[in-house]
Amino acid sequence: MRSASPPQLAGLVHRITCYNADGSDSAGDREIASFVVPIIFSFADPFWIAFDRPPVMDERIGSFVSGLHPGYVDIAYGGPISCVQIDLTPLGAGLFFRRPMSDFATRLVPLEDVGDPTLIDLRERLGTAGTRPERLGIAVAFLEQRLLGQPVDPAAAFIWSEIQRSRGALRIDRLTDDLGWSRKRLATYSHNAFGLTPKRLARIARFHHAIHLANSAGRPDWAGIAVDCGYADQAHLVRDFTTFAGATPERWRNRES
């Protein structure tokens, strides 16, 4: 595996990763709810992927785009893995695709169905590259051409920065007041810009803050973490872990360790 986070694309591209593996991990992977929009260029066997449950045999996909999802994702492998993964940030994804991100939310869209011939061409160029550094160079050059110099929508930037700054503990009424919008307009705008409503985005941000606090502790005090993150009680923290990680906090911790 080889990864890069190009500093010139900070805030728009989270990471570019080149994977090569034999796919022998029969346990597969579980991805928790995240704030990245992945573009997968696959050059080997397809993946089995499903939202919020283990995938079944007919849920196979090769190269694809997937938007934000307010839950976890289970991934299984049927053979060798060779792919390039471009992880866009929510702001970068909106700039990259220039279309409603609701088109991709909680979906696996095959690359050929995205309707962007440049992505098909990029996949061909990545596939014929001889080394992982070459693939990274091709991907970075493509992203620089596509993203640099393009203005981010100021409203999207404001909403995203407030959610990140507050670690999900902001009041939606504060956003509507600052923007001068109704709650309906804010929800519709956010659904188009990010694929999720501000309330869903804030819940995921709060969940990630809880994970950060848990990872910073030798033995997490879940009741204390719930208070520090602004949960009504520990039961609400457990609910979010079950929704976004597919496990209770302790089971998630044990799986991660």
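1. Basis. In this predicted model, local features need pLDDT of at least 70 and side-chain atom pairs count only at pLDDT 80 or more, while totals for chains, interfaces and linings use all residues. Residues are numbered from 1 along each chain as its sequence is written, and side-chain values use heavy atoms, with hydrogens and water left out.

2. Overall form. Ten helices and ten strands make up the count for the chain (DSSP runs numbered from the N terminus: H or I of at least four residues, E of at least two). The radius of gyration is 19 Å, close to the 18 Å that the globule rule gives for 257 residues, so the chain is as compact as a globular protein of that length (C-alpha atoms; the rule is 2.2 Å times the number of residues to the power 0.38).

3. Burial. Of the 257 residues, 47% count as buried (under 20% relative accessible area, 1.4 Å probe, protein chains only).

4. Largest pocket. Its space is about 1,400 Å³ (a pocket is an open set of points on a 1 Å grid over the protein atoms alone, where a 1.4 Å probe fits, with protein on both sides within 12 Å along at least five of seven lines; lining residues have an atom within 4 Å of a point; the volume is the space filled by probe spheres set on the points, which are joined across faces, edges and corners). Of 47 lining residues, Glu31, Ser34, Val36, Gln85 and Asp87 are closest to the centre. Strand S2 (residues 13–21) gives the most to this lining, six residues.

5. Second largest pocket. Its volume is about 230 Å³. Among its 15 lining residues, Gly94, Leu95, Asp153, Ala156 and Ala193 lie nearest the centre. Helix H1 (90–97) and helix H6 (183–194) are the elements that give two or more residues to this lining.

Technical notes: Buried means under 20% relative accessible area, exposed over 50%, partly exposed in between (1.4 Å probe, protein chains only).
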